[in-house]
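Here are my notes on the model, point by point. Please read them with the coordinates open.

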Amino acid sequence: MAKLRIAPLALALGLLLAACGGGDGGTASNTTTGASGAADATVELKDLKFNPERVSIKTGGTVSWVWKENVLHNVQGDGFKSDNISDGTFEHTFTKAGSFEYECSLHSGMTGSVEVS
């Protein structure tokens with residue numbers, strides 16, 4: 001009887017640990033989304049591009065980058081940087097106005113920008 005109870009617990013623990021991710025291939029998250037629970041702008045990483053390449057948000061707004069292809073990418077700009085991952089979402093909240101350029105350092109020419117007003 002005891003062995004039958006351990007197997008489901010071991011499976012559940014394994015799934016929980018796998019969901020935690022970490023390192024390359026996991027899910028990156030820099031900040032949580034805004035008070036509404038949703039990002040103010042979403043950028044997809046697909047076909048070795050950021051789509052759209054430019055987004056505009058208000059100060060205090062959040063941008064969510066979502067991986068839509070199983071290719072290793074990162075998002076890095078002045079003051080924010082994701083891990084190298086191939087699946088998941090990375091979010092950053094911008095607390096001051098300005099123009100913020102970012103790139104995937106793994107793929108030359110894969111760039112984007114965020115305009116914060």
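1. D47 sits in the loop between β1 (41-46) and β2. Strands here are DSSP runs of E with at least two residues, helices are runs of H or I with at least four, and both are numbered from the N terminus. The phi of D47 is near 55°, positive in a residue other than glycine. D47 is exposed, with a relative accessible area of 55%. For accessibility, buried means under 20% relative accessible area, exposed means over 50%, and partly exposed lies in between (1.4 Å probe, protein chains only).

2. L48 is also found in the loop between β1 and β2. Its phi is positive too, about 60°, although L48 is not a glycine. Most residues other than glycine have a negative phi, and most peptide bonds are trans. L48 is partly exposed, at 44% relative accessible area.

3. A word on the basis of these notes. This is a predicted model: local features need pLDDT of at least 70, side-chain atom pairs count only at pLDDT 80 or more, and totals for chains, interfaces and linings use all residues. Residues are numbered from 1 along each chain as its sequence is written, and side-chain values use heavy atoms, with hydrogens and water left out.

4. Check the peptide bond between N51 and P52. It is cis, with omega about 0°. P52 lies in the loop between β2 (49-51) and β3 (54-57).

5. The overall layout: one helix and nine strands. Along the sequence the pattern reads α-β-β-β-β-β-β-β-β-β. Of the 117 residues, 32% count as buried. The chain exposes about 7,200 Å², and carbon and sulfur atoms supply 54% of that area. The areas come from the Shrake-Rupley method with a 1.4 Å probe; for residues, only the protein chains shown count as cover. Take contacts (heavy atoms within 4.5 Å). Among those between residues at least 6 apart in sequence, 54% join residues at least 24 apart.

6. Which strands make up the open sheet, and in what order? There are five, ordered β3-β9-β8-β5-β6, with mixed pairing. Two strands pair if DSSP finds at least two bridges between them. The edge strands are β3 and β6 (80-81), each pairing on one side only. β3 and β9 pair in the parallel sense over four bridges. S56 has E115 in β9 as its bridge partner.

7. G112 lies in strand β9. At 5% relative accessibility, G112 counts as buried. Its C-alpha atom is 5.4 Å from that of Y102, which is 10 residues away along the chain. Leaving aside neighbours within four places in sequence, G112 is in contact with F50, E53, F100, E101 and Y102.

8. The largest nonpolar core has 20 residues. Such a core is a set of buried Ala, Val, Leu, Ile, Met, Phe, Trp, Tyr and Cys residues joined through side-chain atoms within 4.5 Å. The residues with the most contacts inside this core are F50, V63, W65, V75, F94, Y102 and V114. β1, β3, β4 (62-67), β8 and β9 each give two or more residues to this core. In soluble globular proteins, nonpolar side chains tend to be buried together.

9. A search of the whole structure finds six aromatic pairs. Rings of Phe, Tyr and Trp (its six-membered ring) pair if their centres lie within 6.5 Å; planes under 30 degrees apart count as stacked, over 60 as edge-to-face and the rest as tilted. F50 and Y102 are edge-to-face, 4.8 Å centre to centre with 80° between the planes. The pair links distant parts of the chain: F50 is in β2, Y102 is in β8, and they are 52 residues apart. F50 is buried at 3% relative accessible area, and Y102 is buried at 3%.

10. W65 and F90 form a tilted pair, 5.6 Å centre to centre with 35° between the planes. W65 lies in β4 and F90 in β7 (residues 89-93), so this pair ties together parts that are 25 residues apart in sequence. W65 is buried at 0% relative accessible area, and F90 is buried at 1%. Ring pairs link F50, W65, F80, F90, F94, F100 and Y102 into a cluster.

11. Lastly, H107. It belongs to the loop between β8 (98-103) and β9 (111-116). Is H107 buried or exposed? H107 is buried, with a relative accessible area of 19%. Beyond its neighbours within four places in sequence, H107 is in contact with L48, V71, L72 and H73.
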